[in-house]
Amino acid sequence: MNPKWWKESVVYQIYPISFKDASGDGIGDLRGVTSKLDYLKDLGVDVIWLCPIYKSPNHDNGYDISDYCDIQPEYGTMEDFDRLLREAHSRGMKIMMDLVLNHTSNEHPWFIESKSSEDNPKRDYYIWRKGKNGGPPNNWESYFSGSVWEYDSTTDSYYLHLYAKQQPDLNWDNQAVVDELHDMIHWWLKKGVDGFRFDAIAHIVKAQGLPDADNPNRLPTVRAYQLFSNLDKVHTLLQNLHDQVLFHYDIMTVGETSGLGPHQALDYVGDTRRELNMVFQFEHMYLDAESPGSGKWNIKPWNLLELKKVMSEWQTVLHNQGWNANYLENHDQPRSVSRFGNDLNYRVESAKMLATFLLTLEGTPYIFQGQEIGMTNPSFASIEDYRDVETLNFYHDMREKGMPEESIMKAIRKKSRDNARTPMQWDNSENAGFSKAQPWINVNSNYMEVNVAAAQKDPNSIYNYYKELIALRKKYKVIVYGEYKLLLPLDPEIYAYTRTCEDERLLVILNFFDKQPVFEWPREINPEGAKLLISNYKPSSNENVNKLTLRPYESRVYLLDS
Ligand code: GLC
């Protein structure tokens, strides 16, 4: 079982710009976070994942860092950070930092030096190349549309950026860069932070020689993920980071690694690898896209059989070999109740069902701010309402390519990262209690109904259901460590599984849709000895346990007689 505190923890992700504004400028801040620690403690949170709070020109809300050892002034000061860390620790909670090591801001002093001349000592901190045939050095496409190359006239060269052009990629082939980053990580660890989420870590190594990707259709740029994702040298670099820095501290680490399946993930999180504790995988996030290769905006309906297949593989392959990080939403993804649930007619029921799913899988669960009250996609009317660089680049790129406005907006309403970034809805006062000033992005119009204050008062709220689930996770070892076994793999509506650990056994039944399918109790399980631990409906008095008719989005968790 190999117990660890980070396996038993529940993580809550904070996107600071949208969490709580204490200073009254419409932008969330660190004092705002500190003011809500009691709320998080009460929910049962153990670890806070704090999205980037470092100094940044904010082209990508802090994922473009211009000083790794300073705080974004709009978020406060280093004293505010130290206080937050102290206050979290005094409540028995930990803080996990979000660290962007693949790239910096183009306003980082390293980059300013690097671009100043070809013989500047910092030149090789980034990836510079001369153009080819009057264009960029290769045909790779950026995650945020267009080429990964940006021309800079100072030295008549191009620099590489996998994300926005304000986010130049660091050159990890340069030992000086590696040393600088190790020193900086050490600096944060000495301060007492409890872990790291390593942003875009799968991409820190690019294919030798930066070759063109296959381009049968002769497009101006092509998605070349395999040429800069999860390459072998990433593992060497992570092992060095582990052995030289991380290993000396009792911390938790999670890497953001798109483009891999569970077997490949074991290279990062396998018990003997000395790399990371867990990774965020993306396979379930691409179930509503035509294919990962065609990007996230080509939408298709997701299907439960595929979801079961993907999640079951991760659950079984990693069992006893590594550890899962489970999530259904984050700051880059739409709201889960709008995506996998039903935010029109069954918001409360389906959000609770999804919570049951998230918190009864093997792996550390990550809850994104607002998920615990069932916040939904805002469905903004016009492109003017959106702020996210990825969304805006996509919009302009598609307009240029002649795609009709309404088709673009349809994709954006479903998939924009801003779906998750609207201000946290604390109460029904102006701006949802997030700020006294006009927020940097509009509040979701449903805040009068969907907010923390209302949820705390209502014993049947999504919030109180999360609280109960978290408490159960802490009470029963089987929920954390139990071995997962899928039941009914071919049922298109019901997702059911057991979890088994020593003498404890759990049965989870989830109805993923608004129909009323019948769950037939498996023959090998005796319903007589089953104890209902939690459900999002009250059991009816005359129900036939052997043949259970599930109500829309019903979820049940039973503790079984072993
Ligand atoms: C990660 C972050 C995302 C950011 C990108 C570039 O995917 O989660 O928000 O835009 O990396 O740093």
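A polar contact is a pair of N or O atoms within 3.5 Å. The model is predicted. This briefing covers the ligand site, the aromatic pairs and the cysteines.

**Ligand site**

- The shell around the ligand holds 13 residues, and D60, D199, E256, H331 and D332 come nearest.
- By class, the shell has seven charged, three polar and three nonpolar residues.
- D332 places a polar side-chain atom 2.5 Å from an oxygen atom of the ligand.
- For D199, the distance from a side-chain N or O atom to a ligand oxygen atom is 2.9 Å.
- The ligand exposes 310 Å² when taken alone, and the protein buries 96% of that.

**Aromatic pairs**

- A pair of aromatic rings is described by the distance of the centres and the angle of the planes.
- The whole structure contains 40 aromatic pairs.
- Y143 and Y163 form a stacked pair, because their ring centres are 4.9 Å apart and their planes meet at 20°.
- Y143 sits in the loop between β6 (128–129) and β7 (149–152), and Y163 in the loop between β8 (157–160) and α6 (175–191), so the pair ties together parts that are 20 residues apart in sequence.
- Y163 has a relative accessible area of 12%, so Y163 is buried.
- Y484 and Y497 make a tilted pair, because their ring centres are 5.1 Å apart and their planes are at 35°.
- That pair links distant parts of the chain: Y484 belongs to strand β14 (residues 483–487) and Y497 to strand β15 (residues 494–501), 13 residues apart.
- Y484 is buried, with a relative accessible area of 5%.
- Y497 is buried too, at 0%.
- Y484 and Y497 also belong to a cluster linked by ring pairs, together with W302, F340, F357, Y495, F512 and F513.

**Cysteines**

- A disulfide is a covalent bond between the sulfur atoms of two cysteines.
- The cut-off for the sulfur pair is 2.5 Å, and the count of disulfides is zero.
- C51 is in no disulfide; the nearest cysteine sulfur, in C69, is 19 Å away.
- Seen from C69, the closest cysteine sulfur is that of C51, and 19 Å is too far for a bond.
- C51 has 1% relative accessibility, so C51 counts as buried.
- C69 has 31% relative accessibility, so C69 counts as partly exposed.

Key
Residues are numbered from 1 along each chain as its sequence is written. This is a predicted model: local features need pLDDT of at least 70, side-chain atom pairs count only at pLDDT 80 or more; totals for chains, interfaces and linings use all residues. Side-chain values use heavy atoms; hydrogens and water are left out. Buried means under 20% relative accessible area, exposed over 50%, partly exposed in between (1.4 Å probe, protein chains only). A residue is near a molecule or strand if one of its heavy atoms lies within 4 Å of it. A polar contact is a pair of N or O atoms within 3.5 Å; within protein, one must be able to donate a hydrogen and the other to accept it, and residues adjacent in sequence count only if both atoms are side-chain atoms. Accessible areas come from the Shrake-Rupley method with a 1.4 Å probe; for residues, only the protein chains shown count as cover. Ala, Val, Leu, Ile, Met, Phe, Trp, Tyr, Cys and Pro count as nonpolar, Asp, Glu, Lys and Arg as charged, and the others, Gly among them, as polar. Rings of Phe, Tyr and Trp (its six-membered ring) pair if their centres lie within 6.5 Å; planes under 30 degrees apart count as stacked, over 60 as edge-to-face and the rest as tilted. Helices (H or I, at least four residues) and strands (E, at least two) are DSSP runs, numbered from the N terminus.
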